[in-house]
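The following exercises concern a single protein chain. Each task is followed by a solution set out in steps.

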Amino acid sequence: MGALMTASRFENPDAAYEAFAAAQHGLDAEASALFNARVALLLANHIGDLSVLREALELARAALPFHRPHGSSN
């Protein structure tokens, strides 16, 4: 495959977001977290490229508030 594509590839990105949000409607925080994990694993499997998965994981973690780079102690 290749490098992670971060630009939207959806014809209608708002509709994609709405579908994702609607699928979680009525779920509590725990169920929502499980849902997100399942979707992530399904999509990771669909992509099937470990280097792309690692890049996505790194970018997602770096976007978290108060993120500390791996190996940082402060």
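**Exercise 1.** Which residues make the nonpolar surface patch of about 260 Å²?

*Solution.* The model under study is a predicted one. The patch is made by three leucines, namely Leu 50, Leu 53 and Leu 57. To place one of these residues, Leu 50 is assigned to helix H3, which covers residues 50-62. As a further step, consider its accessibility: the relative value for Leu 50 is 47%. Buried requires under 20% and exposed requires over 50%; Leu 50 therefore counts as partly exposed.

**Exercise 2.** Determine where Gln 24 lies, and whether Gln 24 is buried or exposed.

*Solution.* Next, take the relative accessible area, which is 15% for Gln 24. The cut-off for a buried residue is under 20%, so Gln 24 is buried. Finally, identify the contacts of Gln 24, setting aside neighbours within four places in sequence: these are Ser 32, Phe 35 and Asn 36.

**Exercise 3.** Describe the secondary structure and the surface of the protein chain.

*Solution.* First, count the elements: the chain has three helices and zero strands. Read from the N terminus, their order is α-α-α. Second, consider burial: of the 74 residues in the chain, 7% are buried.

**Exercise 4.** What is the volume of the largest pocket, and which helix gives the most residues to its lining?

*Solution.* The volume comes first: the largest pocket holds about 1100 Å³ of space. The lining of this pocket consists of 29 residues, and those closest to the pocket centre are Leu 4, Met 5, Phe 10, Leu 43 and Ile 47. The next step is to assign the lining to elements: H1, H2 and H3 each give two or more residues to it. Among the elements, H2 makes the greatest contribution to the lining of the largest pocket, with nine residues.

Technical notes. Residues are numbered from 1 along each chain as its sequence is written. This is a predicted model: local features need pLDDT of at least 70, side-chain atom pairs count only at pLDDT 80 or more; totals for chains, interfaces and linings use all residues. Side-chain values use heavy atoms; hydrogens and water are left out. Patches are made of residues with over 30% relative accessible area and no salt bridge: like charges are joined within 9 Å, nonpolar side chains (Val, Leu, Ile, Met, Phe, Trp, Tyr) within 5 Å. Accessible areas come from the Shrake-Rupley method with a 1.4 Å probe; for residues, only the protein chains shown count as cover. A salt bridge is a side-chain nitrogen of Lys or Arg within 4 Å of a carboxyl oxygen of Asp or Glu. Helices (H or I, at least four residues) and strands (E, at least two) are DSSP runs, numbered from the N terminus. Buried means under 20% relative accessible area, exposed over 50%, partly exposed in between (1.4 Å probe, protein chains only). Contact means heavy atoms within 4.5 Å. On a 1 Å grid over the protein atoms alone, a cavity is a set of points where a 1.4 Å probe fits but cannot get out, and a pocket is an open set with protein on both sides within 12 Å along at least five of seven lines; lining residues have an atom within 4 Å of a point. Grid points are joined across faces, edges and corners, and a volume is the space filled by probe spheres set on the points.
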